[in-house]
Amino acid sequence: MMLRLCYLPLLLACSGCASAPALPLSAAAQTEARQTCAAVSQLELQGRLSVRYEHGEGKQQSMQANFTWRQQAQELQILLSNPLGQGMAQVSVTAGGAQFTDMQGAQHVAADVDALSEKLLGWPLPVAGLRDWLRGCGRLADGNLFQAHPQGADSFYSADGWRIRYASWHDNGQPKRIDLERRINQQEADVFLRILLDARS
């Protein structure tokens, strides 16, 4: 598929540093995290993402892209472009489902945005989780909420198998770099995704 072939290669370094574990939140902290995540119904971000993933028979592939993320209530639009600024794809999500428009203008629809993105990109982009993760909060594998901040734990594990690490922060307390990793098993990594976010005004 031409969508996959247009990406520019990128070699990603994998961090082996130990991370502070995420401790369970108290009931009061759970309520605060829930309120914090719910408080922001509108979000617009720009940044860059890099991904390294396995594609067929253990072959490693990598790519990088610029992105614009526009989120309002249940609606979401993601624009992906290559490092030269040429459009690669657009993902739109509403309460009725998801639509993926590729670089040739072909439209693909499905109820599940994560499954649709993985099918067409060739690697998993956890759109549903990123709605919260980009704001520094979300739901843990045990169902509890987490709220990340510069002085707290930097690593969290989601119910769908992603390790979410907040590697750096902007001076205003907004996430600057988020590393995502999903593993097939304990030894072999499936996909590494690094997100660099521009500071919001």
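**Questions about a predicted model**

Student: What is the relative accessible area of Asp198?

Tutor: In this model, which is predicted, Asp198 has a relative accessible area of 30% and is therefore partly exposed, since that class covers values between 20% and 50%.

Student: Ok, and which side chain does Asp198 meet in a salt bridge?

Tutor: The side chain of Asp198 meets that of Arg48, with 3.1 Å from N to O. This pair links distant parts of the chain, because Asp198 sits in the segment after strand E12 (189-197) while Arg48 belongs to strand E1, and the two are 150 residues apart. Arg48 is partly exposed as well, with a relative accessible area of 35%.

Student: How many salt bridges does a search of the whole structure find?

Tutor: The search finds 10 salt bridges. Among them is the one that Glu44 forms with Arg70, where the closest N and O atoms are 3.4 Å apart. Here too distant parts of the chain are linked, since Glu44 lies in strand E1 and Arg70 in strand E2 (residues 60-72), which puts them 26 residues apart. Arg70 is partly exposed, with a relative accessible area of 35%.

Student: What about Asp132, which side chain does that one meet?

Tutor: The side chain of Asp132 meets that of Arg135 in a salt bridge, at 2.4 Å from N to O. Asp132 has 26% relative accessibility and so counts as partly exposed, whereas Arg135, with a relative accessible area of 18%, is buried. Elsewhere, salt bridges that share partners join Asp154, Arg165, Arg177, Asp179 and Arg194 into one network.

Student: Switching topic, which residues touch the most other members in the largest nonpolar core?

Tutor: That core has 43 residues, and those touching the most other members are Leu49, Trp69, Trp123, Tyr166, Leu180 and Ile195. Strand E1 (residues 42-54) gives the most to this core, with 5 residues. In soluble globular proteins generally, nonpolar side chains tend to be buried together.

Student: And what does Leu49 touch, beyond residues up to four places away?

Tutor: With those set aside, Leu49 touches Met63, Gln64, Ala65, Phe67, Leu80, Trp123, Leu193, Arg194 and Ile195.

Student: Thr68 next: where is it, and is it buried or exposed?

Tutor: Thr68 is found in strand E2, and it is buried, with a relative accessible area of 13%. Apart from its neighbours within four places in sequence, Thr68 is in contact with Leu45, Gln46, Gln77, Ile78 and Leu79.

Student: Last one, how many helices and strands does the protein have?

Tutor: The protein has 4 helices and 12 strands. Of its 201 residues, 44% count as buried. The protein exposes about 10700 Å², and 50% of that comes from carbon and sulfur atoms. Among contacts with a separation of 6 or more, 44% are between residues 24 or more positions apart.

Notes. Residues are numbered from 1 along each chain as its sequence is written. This is a predicted model: local features need pLDDT of at least 70, side-chain atom pairs count only at pLDDT 80 or more; totals for chains, interfaces and linings use all residues. Side-chain values use heavy atoms; hydrogens and water are left out. Buried means under 20% relative accessible area, exposed over 50%, partly exposed in between (1.4 Å probe, protein chains only). Contact means heavy atoms within 4.5 Å. Accessible areas come from the Shrake-Rupley method with a 1.4 Å probe; for residues, only the protein chains shown count as cover. A nonpolar core is a set of buried Ala, Val, Leu, Ile, Met, Phe, Trp, Tyr and Cys residues joined through side-chain atoms within 4.5 Å. A salt bridge is a side-chain nitrogen of Lys or Arg within 4 Å of a carboxyl oxygen of Asp or Glu.
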